[in-house]
Amino acid sequence: MENPPVFAQIKNVCPALSVGAISANLMAMAPDISLLEQNNVSLLHFDIMDGHFVPQITVGPLFVKGLKTRMFKDVHLMVSDPYASIPLFSNAGADIITVHVESCIHVKACLQLIGTLKNANDPSRGILRGLAVNPGTALCDLRPLLDETDIVTVVAINPGFPGQKLSANTSQRVESIRRLIAESGRQILLCVDGGISRDTIAQVWAMNPDIVVSGSAIFENGTIDKNLDSMKP
């Protein structure tokens, strides 16, 4: 399947930060969102956790839909059996929907479903089909799924367990996935997510990903402008 039209729009802003929304001030989101937009952040990342695939429970489609922004909405489903949830996030305005290779038996069906759904922001642009892979998962599991994938996310920590450091083998896994993408002959974006702070951001950008996800490091101490300056590529 070809990349949807939104692929070119997102690729055009890369390399880019995708900023974690749930790290913002959830009781007063508007000022933080406005600051991100003023600093030309293009992607807003939503960590959707169900308390089953990962220990935490975070937000759902109503939160994603209710947050008004001109940024692309980057939805990361850290949930078990995501198939039934996918249309809910499509309707909520997701521009990217990422599922985990470990989340269910029928991951390919989930990717195929994303490819059939309309983008609620603009039906003509489609939704990027994202595939995330945890640190302990064999990368060969990705190979048969890449023909239905627009973006691969290398998860650099065990998801759902706060306070972890960037996995030491992240760079090696990024390069291995880059080779798999090249072998596929398709255009696929590459993202790194997890354990990314101001101390590790230079190391991660040196891996040449298209997108880097970071949350708490952007909002720490309320100095969003300063933090963004130190985190941008």
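This is a predicted model: local features need pLDDT of at least 70, side-chain atom pairs count only at pLDDT 80 or more; totals for chains, interfaces and linings use all residues.
**Stop 1: helix 6**

Select residues 170-184, which make up helix 6. Its 15 residues reach 21 Å from the first C-alpha to the last, close to the 21 Å expected at 1.5 Å a residue. Now colour Thr170, Arg173, Val174, Ser176, Ile177, Leu180 and Ile181, the buried residues of this helix. Turn the view to look down the axis: these buried residues fall within an arc of 165°, so they line one face of helix 6.

Before you leave, click on Gly185, just after the helix, where phi is positive at about 75°.

**Stop 2: a buried arginine**

Stay in helix 6 and pick Arg173. Arg173 is buried yet has no salt bridge, and Glu102, the nearest side chain of opposite charge, is 6.3 Å away. Leaving aside neighbours within four places in sequence, Arg173 is in contact with Val133, Asn134, Pro135, Thr137, Leu139 and Val154.

**Stop 3: a buried aspartate**

Jump to Asp32 in helix 2 (residues 29-38). Here again you have a buried charged side chain without a salt bridge; Arg198, the nearest of opposite charge, is 13 Å off. What does Asp32 touch, leaving aside neighbours within four places in sequence? Show Ala24, Asn25, Phe219 and Ile224, and you have its contacts.

**Stop 4**

Nonpolar side chains tend to be buried together in soluble globular proteins. The largest nonpolar core in this model has 61 residues, and Leu36, Ile48, Leu77, Leu142, Ile177 and Ile218 touch the most other members. Helix 5 (residues 107-116) supplies the largest share of this core, with 5 residues. A second, separate core holds 14 residues, including Phe7, Phe72, Ile151 and Val213.

Zoom in on Ile48 and draw its surroundings. Not counting residues up to four places away in sequence, Ile48 touches Thr58, Val59, Val64, Val75, His76, Leu77, Met78, Val79 and Phe89.

**Stop 4: helix 5**

Select the buried residues of helix 5: Val107, Cys110, Leu111, Leu113 and Ile114. Look down the axis again; they fall within an arc of 160°, so they line one face of helix 5. Their packing partners are helix 4 (86-91), strand 4 (96-100) and strand 5.

Pick out Leu113, which counts as buried at 13% relative accessibility. Beyond its neighbours within four places in sequence, Leu113 is in contact with Tyr83, Ile86 and Pro87.

**Stop 5: salt bridges**

There are 9 salt bridges to find in the structure.

- Glu37 and Arg70, with their closest N and O atoms 3.7 Å apart. Glu37 lies in helix 2 and Arg70 in the loop between helix 3 (61-66) and strand 3 (72-78), so the pair ties together parts that are 33 residues apart in sequence. Glu37 counts as buried at 14% relative accessibility, while Arg70 counts as exposed at 66%.
- Lys108 and Asp147, with their closest N and O atoms 3.1 Å apart. Lys108 is in helix 5 and Asp147 in the loop between strand 5 and strand 6, so this pair ties together parts 39 residues apart in sequence.
- Glu183 and Arg143, which meet at 3.6 Å, N to O. Glu183 belongs to helix 6 and Arg143 to the loop between strand 5 and strand 6, so parts 40 residues apart in sequence are tied together.

**Stop 7**

Go to Cys14 and Pro15, joined by a cis peptide bond with omega of about 0°. Pro15 is in the loop between helix 1 (6-11) and strand 1 (16-20).

Then check Asn40, a residue other than glycine with a positive phi near 60°. Asn40 lies in the loop between helix 2 and strand 2 (43-49). Last up is Asn208, not a glycine, with a positive phi of about 60°; look for Asn208 in the loop between helix 7 (201-205) and strand 8 (211-214).

How values were computed: Residues are numbered from 1 along each chain as its sequence is written. Side-chain values use heavy atoms; hydrogens and water are left out. A nonpolar core is a set of buried Ala, Val, Leu, Ile, Met, Phe, Trp, Tyr and Cys residues joined through side-chain atoms within 4.5 Å. Buried means under 20% relative accessible area, exposed over 50%, partly exposed in between (1.4 Å probe, protein chains only). Helices (H or I, at least four residues) and strands (E, at least two) are DSSP runs, numbered from the N terminus. Contact means heavy atoms within 4.5 Å. The expected span of a helix is 1.5 Å times one less than its number of residues. The arc is that of the directions from the helix axis to the C-beta atoms. Lys and Arg count as positive and Asp and Glu as negative; His and the chain ends are not counted. A salt bridge is a side-chain nitrogen of Lys or Arg within 4 Å of a carboxyl oxygen of Asp or Glu.
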